[in-house]
Amino acid sequence: MLNKLWLAFFVIAAAAGLVRWLGMGEPDVFRLLVASLFDMARISVEIMVLLFGTLTLWLGFLRIAEAAGLVDLLARLLGPLFARLMPGVPRNHPAIGLITLNFAANGLGLDNAATPIGLRAMRELQSLNPDPGTATNAQILFLVLNASSLTLLPVTLFMFRAQQGAADPTLIFLPILLATCASTLAGLLAVALCQRLRLWDPVVLAWLGGAALVMGSFMALLAGMSASAIGALSSLMGNLTLFAVLVAFLVIGAMRKVPVYEQFIAGAKEGFNIARDLLPYLVAMLCAVGVLRASGALDFLLDGIRWLAAGAGWDTRFVDALPTALVKPFSGSAARAMMLETMTHFGVDSFPALLSAVMQGSTETTFYVLAVYFGSVGILRARHAVGCALAADLAGVLAAIGVCYWFFG
């Protein structure tokens, strides 16, 4: 699947470039395509430099948590649930605890912590893989749920809206929460359909129902708070949780006679090696994404959607926010730039700007996640992972549109 997808990016970019050259008189498009290749290669190295430090730091602390038995504790706690969702993974396998930590970090918007933990979880799942070049069912489910962008506290988006002068920076909180839940649920259902998972199992229903109850209570609590209180709580919960987890790793490790410094160094070395091995996969995927964007293919798609919506007699305001949704699966920084441009052009509290921010918070950089997570363990055949992840993205975009017309219509 990744072979076909990668080739398709270049073929579509070439076709769009020919249209712009021969049909629109823009011969400069090929200079832009070539420049994008070199730009993406450079950006890949810049990302790797950041990942070197991040992976080294977090996998060092994670090694302490493993030595202290905290990861095993999480694995035993969630064993019954993952036995249904990932039947190929033994109940007390370390991957289960790592997956749980990854989901918790993602939910709190702690991306710097989530990625290293997720990469370690993928490596643990790879240890159970009978065909190292092909993704297993468990790896696909983990990647799709990871790429579905379940975020409870989108603090970064609050910050961007505040910087742009929004009257209420946290106005998008509930819409994002609803849209990201839809994205995650769609991803789970898509994988369950492909893998024939029994989601109606009593244990699975109990966990999902409990999670829905907790999330509903959380939403009800925040709905009754002022905007400034929500912003303060979001920032406090994220940073306090992050530092408290690190201190807990150290304290519990020391109480259990773990040589914390030595374990940190051992984990940090592992993080360095993982980051080094990722570079070829990042260069390959980001360069393909770069030429696709530079070719104007996404602009052609956007114009087509606008024409269809107008022809159907629909309100077309949502189309002005779609650039963020269209580039988000390929590049988080490009989607962020699109969101900020929409805020600047239409006004931070305009409908397109609000929708753009909700789309940014309810979708994920799917192809980057694919390249990083599968690339870290050398997987080349993704099977149904791409389709399921894109289904989650589509659900997030559609939910964002529906929710924003409901809230801000």
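Keep in mind that the model is predicted.

Let's start with helix 8, which spans residues 173–195. Two packed helices are described by the angle between their axes and the distance between the axes. For helix 8 and helix 15 (residues 351–362), the angle is about 40° and the axes are 8 Å apart. That makes the two helices oblique to each other, and their crossing is right-handed. Now turn to helix 6, which covers residues 137–147. Helix 6 and helix 8 pack at about 165°, with 9 Å between their axes. Since angles over 145 degrees count as roughly antiparallel, helix 6 and helix 8 get that label. The crossing of helix 6 and helix 8 is right-handed too.

On to the charges. Side chains of opposite charge can pair when their charged atoms come close. The structure holds nine salt bridges, and one of them joins D201 to R84, with the closest N and O atoms 3.3 Å apart. What about the cover on each partner? D201 has 8% relative accessibility, so it counts as buried, whereas R84, at 28%, is partly exposed.

D201 has another partner as well: R198 forms a salt bridge with D201, and here the closest N and O atoms are 3.3 Å apart. R198 is partly exposed, with a relative accessible area of 45%.

Which residue forms a salt bridge with D131? That would be R381, and the closest N and O atoms of the pair are 3.7 Å apart. This pair links distant parts of the chain, 250 residues apart: R381 lies in the loop between helix 16 (366–375) and helix 17 (385–408), and D131 in the loop between helix 5 (111–126) and helix 6. R381 is partly exposed at 41% relative accessibility, and D131 is partly exposed at 35%.

While you're in the loop between helix 16 and helix 17, have a look at R383, which is placed there. R383 has a positive phi of about 55° although it is not a glycine. With a relative accessibility of 38%, R383 counts as partly exposed.

Last stop: the nonpolar surface. F243, V247, L250, V251 and M255 make a nonpolar surface patch of about 480 Å². V251, one of these residues, is located in helix 10 (residues 227–255).

Terms used:
Residues numbered from 1 in each chain as written. Predicted model: local features only at pLDDT ≥ 70, side-chain atom pairs only at ≥ 80, totals over all residues. Heavy atoms only, no water. Patch = residues over 30% accessible without salt bridge, like charges linked within 9 Å, V, L, I, M, F, W, Y side chains within 5 Å. Areas by Shrake-Rupley, 256 points an atom, 1.4 Å probe, with all protein chains shown as cover. Salt bridge = Lys/Arg side-chain N within 4 Å of Asp/Glu carboxyl O. Helix = DSSP H or I, 4+ residues; strand = E, 2+ residues; numbered from the N terminus. Buried < 20%, exposed > 50% of the residue type's maximum accessible area, 1.4 Å probe, protein only. Axes fitted to C-alpha atoms, helices over the stretch in contact; angles between N-to-C directions. Parallel < 35°, antiparallel > 145°, perpendicular 65-115°, else oblique. Left-handed = near helix turned anticlockwise from the far one by under 90°.
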